Structure formats: structure tokens, C-alpha cells
Amino acid sequence: MDWTYRSDSTVQDSAKSASTETFVTALVLNAAVAGIEIILFTVLRPRFRAIYEPRTYVPDEKKRVQPFTQSALLWPVALWKLDYQDIKRTNGMDAYFFVRFLRMMVIFFLPVWLLSWALFLPLYGAGATNGKDGLDRFTFGNVSPTQQARYAGTIIFMFLVTPWILYLIKKEMRHFVTTRQRHLVDPDHSKTAQANTVLVTGVPRKFLDEAVLAQLFSHLPGGAKAIWLNRDLKDMPDIHDRRLKACNKLESAEKNLLQTATKLHLKGKAPNQTETADGKPDPNLPLAEQLVPRDQRPTHRLPPFKFLPFGLPFMGEKVDTIDWCKNEIVETNRLLEEARGKLREDIDRPGVGEDEHYPPLNSAFILFNQQIAAHLAAQSLTHNEPYRMADKFTEVAPEDVIWANLGLNPYEKRIRVAISYALTAALIIFWAIPVAFVGIVSNIYGLCSQYKWLAWICKLPSVVVGLLQGILPPVLLAVLMALLPIILRLLAHFEGIPRRSGLELSLMTRYFIFQVVHSFLIVTISGGIIQALPGLLNNPTSVPTLLASNLPQASTFFLTYITLQGLTGAAGGILQIVPLILYYVKLVLLGSTPRAIYKIKNVLRNVAWGTTFPSVTLIVVIALVYTPLQPITAGLAFVTFFLFYRLWTYLFLYVLDQPASGDTGGLFFPKAIQHIFVGLYIQQICLAALFFLSRNDKKAASAIPEGILMIVLIVFTAGFHFILNQSYGPLLHSLPLTLAHKSYGMAKQPSLPSGEPGDDMAEENAEADAEEANGGKRPAVDARDDRLPTDGFDRARQIERAKGADDEDDLERMREPARNAPTDFNHPATVEPQRPIWIPRDELGLADAEAQAMRAEGIDVSMKDAEMNEKGKIAIDGRPPKDMI
């Protein structure tokens, strides 16, 4: 190989062809990796049902699916036949609308791909051009200064494609609103406490009483069924956590004790303990001491300092783990029972006392008798002063609540929001440094041509340079972006968001901003500027022409990025090699107790929407912006979204399990639609700028009319965006009154006469049914006269009494049902019993003896559906006791 120094012209020639070489290298490598992953999936799938088809046996019967396919080779046919509509039943609305979004992108990019290739490949690449070759030949910057009239084709393309995407957006938003409303009034959902409860924050002190809040909300249909005030529980949550940790530790220690006894018995070794005259162990000793020497019992060290959450080697007191855990559980049970007694006294005390043990915070859960009342409460103006009872949340599930964020002052919360977003903005600014470096690395040949001391890199074998330029930058960028969610979730939590699903919605916005700024804009600008830098230094007056010519060349990085996501990403997603390895590693290393084994085998993985959706919408933005600049992008985007569409349909039907408590009813989907508009605006602004910067052979502006038409298109898109938000925005969250007759708790009503409100919904329901693939129709939702249980506030009898409840006796009678109300929205520390200690039954009878000893101390214990064989291996055949996982 010739290691002599290359001339400037040689390096620049290499830079011109680098995009092709880089892309081909990335394409071949990713295709090879994807092929290997597909082959491995074909071989492994039939053998590892727990990884590739857990939803065929793990979930409840009504959420299970039929086996994928018995054929090892025909799985692509089965994958093609999967119906994404079934996701609504198996995994909820968030998963359904995520796959629906991918399907929408497939429908959009198919004609765009065909049109862009038919139009731009000859338009940019044929005849008189700027002399670029390889992939650069088909870029916007290859149009010769003498052929500027060709930009008319770009304008025609934009005026065809933009209405197409806007039409799809409108169609999908209509489908979203209709489908979400039908989900809200569906009997299986609307009868749950989640569908009928509102979380109210910022409650003034004089309203922090169940009876007073009942009076306030008695004006709504049906009134309130039950009210839970959130209270300052002080150390109760910490005590509850202590007990839970002690329970976990005790289960592990008991397992170790049982295994030690089993192994000693298998080896025929007896402990060195007190013996009787005949040489046998003293039967008066506990069985554990007869079978296991004291020095072989489980032990651990206590933290040497109170602020440490764990012990340190050779420091702190060494204690017997089983004895310590039993004492800890007994102590925390006692402390919790005492605290709960004081809490009951506070609840029984009328009014808002000054000397309460656990004073109420400024928030409450309101469970309504009628679903429509919950939605009316969320939309109503509740208080006459600023920020009082202003933040209200529907569709609240207890498992979704962030209890630590329920007591924030309204003003404090808004200050926290400002600080949170200020820190996010600062993070965006300072994160630009490492991301800009990644963008520079993506254009190695441009660096070589500008900086002579880096010329040695370009002398490396072309395959090595191709790997450095095509593979390394996307990988580095992925690593950088993996660090962000942790920080952004902390910022969202600091903001005071009271629900985990709301935290994911906030994270989706923050993470998307990061993705667009760092993974797209900075990489684009840095890559294009480096390529144009030599010309800018030699001829500063040529800035407009050089930027217009070289900025589109940054598309190479994004071609490789989309290729990486579409081929390796999709194939890796279906192979799931990491979950496969972790599954068996966890069983060996972490599957030490029946509960741990159950969690590994039966608690399925789920998706964090706050990071998953932005990763997809980033590809949408990239493809939208670069399709008119580099038409190859459209074809790659279509393939990527098609593969993603089939992949995620399979994953949500057979592998993943989204918890119902965290389901927002699809609210991530309209946010994703807003991300599409971000891509449209960037696309149109960039094209307008490139048109205005374009110069002909006489150095005169040559595409002013095209630039003006792009401005017109921007205005049209913004107008459509505004109208879309105004028309569908109010329909995203709450039920309208026209659907009140279908909501839970309402008496059956006759159908609305023709032409009255409600007809539109019926028509849209019918149209939505007709649009669904394979004729998949949801049965019509019947109006119901059933109501929520009546063991709480029966508001039908209490409204008049509440309005005139001036004396303490009346208020006391209203307050009484609240004491016996359901405990769904109480903090776990206030109502949750001690989780049963789950240990396996053994052949020596030691587990029975240990369970008897624990019960004697008041500790709940169970050996149900768990056994240990003669070799110390644990097997389970059921769920944890009392379903407390």
C-alpha cells in the first residue's frame, strides 16, 4: 500500500466519494449483522418460548394470544399476518397508537419514496451538474449553477407531499379522538376506579375535609362516592420500606438456610451441637439448629453509620440475618400499627385540626359515582383564587401515583417547572460540545482536507476509514443519548409531576428536543460546515453558494443512521439477544427465592414511552428534512418504518406487557403528531433558505420564486397546524357531554334523535370500524344503568343534606361513610398488610418449622406453590401469596 502523503486535490477527491464508500460500508455491515440476527432468531425462537412468546401463557386468559407459529421457517408469513388491532386488547391504547403511528409512516413514505426517486434521481443526477459523484450526485447541492430551473421540480414535489402528510395527520387525529373516546366509555375500562377518579392538587386548607369536598363536588352529576385526603405521613413510608426490605432479606436468608440444611443432609454431615446419650442431636433443640451449625447460618453486617443504606465489609455489627429480619418485621409491624391508629384518629376528627398527627396535604383523590362527573370536575373552574385547585388529573391509578409529589404548594410547583426547564435548556447548550465532536467525526475526509496534521487518518485503508466515518459516529451518538433519560427524568420528577405516566409524557417532550437539537441539527450543521470549510477560508464571499452546495452532503451520516436503525435495529429487536442472556443469567444469579423466580419468569418487560417515541419521531424528522435534499433517504425511511411496524406488532402481541395503571389512553400519539410538524417546519425553512442562497453562474440569486413559494407553504402548514390544534386539542383528554349517556354510572337513555349532538360520534364510530384492518370491529358499547358500589358517599341522598349541613351532626353523618370507603387511593404505608414471607417447602420439614416459628412471632408466612427438591433446587407452580408480588 502507498503510504505517501496525498495532495490536497487527492484528499478532496476522496472527500467527494467518501459518502458513497461510507454508506456502502455501513449498508453491507448492517445487512450482514441483520442477516445473522435473523438466522439466530429462526433457530432460537422455537426453543425459548419464555423469551419469544411469553404472552401465550403468562398474562390473564383474556389477554393471552394464540401461539405464533409451529413452523420454524414460516415465521415471516405468520409475522405478515399479525393484526395490529389486537394490541388494543392485549396491551392497551398506548401500545396500539404507537404501532398505529408506525403504520401511518409506512403509508406516508411509500408514495413519497416512489415519487422522490422518480423525480429527483434524474433531476439532480442527469445532465449538467456540479460534478459530484456517488451518492452526492443525487443531492440537492449537485444542481449546476447553469441548471437552476430544475429547482422547480423540488417545489412541485413539496406542494404534492405536504398536503399528503397533512391529510394523513388529520385522518389519524380523527381516528385517535374517536378511538380514545370509545376506550374511555368501554365497559371494561369505565367501571374501574381509575376511570372515575380525579386527583385535585393545590387544595386550600379550609377545603381539606372529606365532607367539605363532598359538598363542593355535589353540584356535579351523581356527586362523589369516596374522597381520600393525602396526608403528611412523616416516617410511615420509611417504616413501610424498612419492612419490605426486611421481608426480602428474610426470604433470601430462609432460602439459604434451607439449601444449607439440604446440602449437609445430602452429604451425611450433622452439625456439631448438643447431643443426647445415644449420640443423636438433642430433640429439644429447634430443627434449624439440629440441621445447620450456628456458624453456617446466614449472617450480615449492619451499616456502621446510620446514613448508609447498606453494611460494609469488616465494619459494623455482625448479626444473624434470620433473627435480625424477624425482629425488624415485628418492630415495623408494631410501629405501623401505632401510626395507623393515630391516622384513624385524625380521619375521625371533624374539620381540619391544628394538632393532627398526620395533617392533610393540599391534594385529594375524588372518586365519583358517574364517569362524566369526573371529566366535568377536571374541566371546571373549581376555585375563585389563582392556582387554587387548578391542576386536576383524570384517569389516575394508585400504582401510577408519585406520592412524594402530592404536597407541593401551587406557587412552589410553578417555580420548580421554571427551574426544571431552565436546567433542561442549559443541558441542551452544554451537551452541544460532545455531540458536535460526533458530527465532526462523521466527516473525516473533510477534516483531512482542512487539517494537514490529520492527513494520516485518510491514509488508512478505505474500509477502516469507512468504519470510522460510517459506524463510529452513530454508535457514539447512541451512547451519549443513553445517558440523557436518567437526567431528564430527574428534572421531570423535580418539577412536581404527580404521575409516572405524566412524567413519561414530559420526558417525551424534553427528550425529543434533545434528539432534534443534538442528534440532528448540530450534526447537520457541523458535518456540512466542515465539508465547506476549505472553500470558506479561501473565498469568504462564497458563503451562500458553498453552504447551499455542501450542507446537503451531511445527509451521509443520516443515511447510515437510518440504515443502522432499520436493519440492525429491527433485526436485533426481534432477536432480543440481550433479554435472552439476561433471563438465564438472572435465573442463575438472582433467582434465589420463589418470589425472585416468579418475577423473572412472569413479570414481562415493558416500554418506556418517554424515550421510545422520540427515537422514532427523530427518524421521521430526519427523513422529512432530507428527502428533498437526498432522495435515497425516503426509500430507507420506508423500509425502516415497515420493519419497525411489523417488529412492534409482534413484540406487543407476544413479548411485551404494558401495565394498565400506566396507560394514558394513547396521549403519546398527539405529541408524536406535533413532532411531525417540527420536522415539516425544519424541512420547509431549510429549503427556503437553500433556495434564497442559491446562485447561478453569474453569482446572482437564481431561486427567489421557489423561496417565496416555500414561505407560502410554511404559512399554509402553520395555519393547518393551528386549526388542527384548535379543533382537536379540547377533545384529547376529557369526555364530552354528548357521550355522557354512554359513560359509566348513567341511567339508560333512548338514542339521540337525528341531527342532535351525538350523531357525529356515532357516524365516526362507524367510519372508524370500517377503516380498521381485516374488519376488526369492537362491539357497540351499551348504555348502562349500573353504578359504582354504594358503600361510600351516596350523593343522590346527600346533596340536599350537604347544602344545608350547618350543624356538626350533619357533617359527622356525611363524614362517616368515608371511613369505610375503598382503600384504593390510600398510600400503601397506611393500608398495606405485611407481605407474606414466601419460602419453599423442603423434604426435611425445616420450612414447616421455620414457618411455625415465624407465625408464633406474628409474621405472615406461606409455602404455597413453592418446593425445594433434595438437591436444593426451587420450583414454583403459582403466584405469590395474596398476589403480593
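## Basis of the model

The structure is a predicted model, in which local features need pLDDT of at least 70 and side-chain atom pairs count only at pLDDT 80 or more, while totals for chains, interfaces and linings use all residues. Residues are numbered from 1 along each chain as its sequence is written, and side-chain values use heavy atoms, with hydrogens and water left out.

## Overall make-up

The protein has 32 helices and 10 strands, where helices (H or I, at least four residues) and strands (E, at least two) are DSSP runs numbered from the N terminus. Of its 885 residues, 53% are buried; buried means under 20% relative accessible area, exposed means over 50%, and partly exposed lies in between, with a 1.4 Å probe and protein chains only.

The accessible surface comes to about 39100 Å², and 61% of that surface belongs to carbon and sulfur atoms; areas come from the Shrake-Rupley method with a 1.4 Å probe, and for residues only the protein chains shown count as cover. Among contacts (heavy atoms within 4.5 Å) between residues at least 6 apart in sequence, 79% join residues at least 24 apart.

## Aromatic pairs

A search of the whole structure finds 50 aromatic pairs. Y84 and Y645 form an edge-to-face pair, because their ring centres are 6.1 Å apart and their planes stand at 65 degrees. This pair links distant parts of the chain, with Y84 in the loop between α3 (75-81) and α4 (87-125) and Y645 in helix α25 (residues 632-654), 561 residues apart. Y84 is buried at 1% relative accessibility, and Y645 is buried at 12%. For the terms used here, rings of Phe, Tyr and Trp (its six-membered ring) pair if their centres lie within 6.5 Å, with planes under 30 degrees apart counted as stacked, over 60 as edge-to-face and the rest as tilted.

F217 and F368 also form an edge-to-face pair, at 5.7 Å centre to centre and 85 degrees between the planes. Since F217 lies in helix α8 (residues 210-217) and F368 in strand β5 (residues 360-368), the pair ties together parts that are 151 residues apart in sequence. Both F217 and F368 are buried.

## Charges over rings

R416 lies over the face of F494, at 4.8 Å from the ring centre, and the charged end of R510 sits over the ring of Y421, 4.1 Å from its centre. The criterion is that NZ of Lys or CZ of Arg is within 6 Å of the ring centre and within 35 degrees of the ring normal.

## A nonpolar surface patch

F159, F692, I704, I708, L709, I711, V712 and V715 form a nonpolar patch on the surface, with about 640 Å² of accessible area together. Such patches are made of residues with over 30% relative accessible area and no salt bridge, nonpolar side chains (Val, Leu, Ile, Met, Phe, Trp, Tyr) being joined within 5 Å and like charges within 9 Å; a salt bridge is a side-chain nitrogen of Lys or Arg within 4 Å of a carboxyl oxygen of Asp or Glu.

Helix α27 (residues 704-728) gives the most to the patch, with 6 residues. V712 has its place in helix α27 and is partly exposed, with a relative accessible area of 45%.

## Two single residues

N256 is found in helix α9 (residues 236-267) and is partly exposed at 30% relative accessibility. N256 and T593 are 337 residues apart in sequence and 9.0 Å apart in space, C-alpha to C-alpha.

T563, in helix α21 (residues 555-575), is buried at 3% relative accessibility. Leaving aside its neighbours within four places in sequence, T563 is in contact with F23, A26, L27, N30, T568 and L636.
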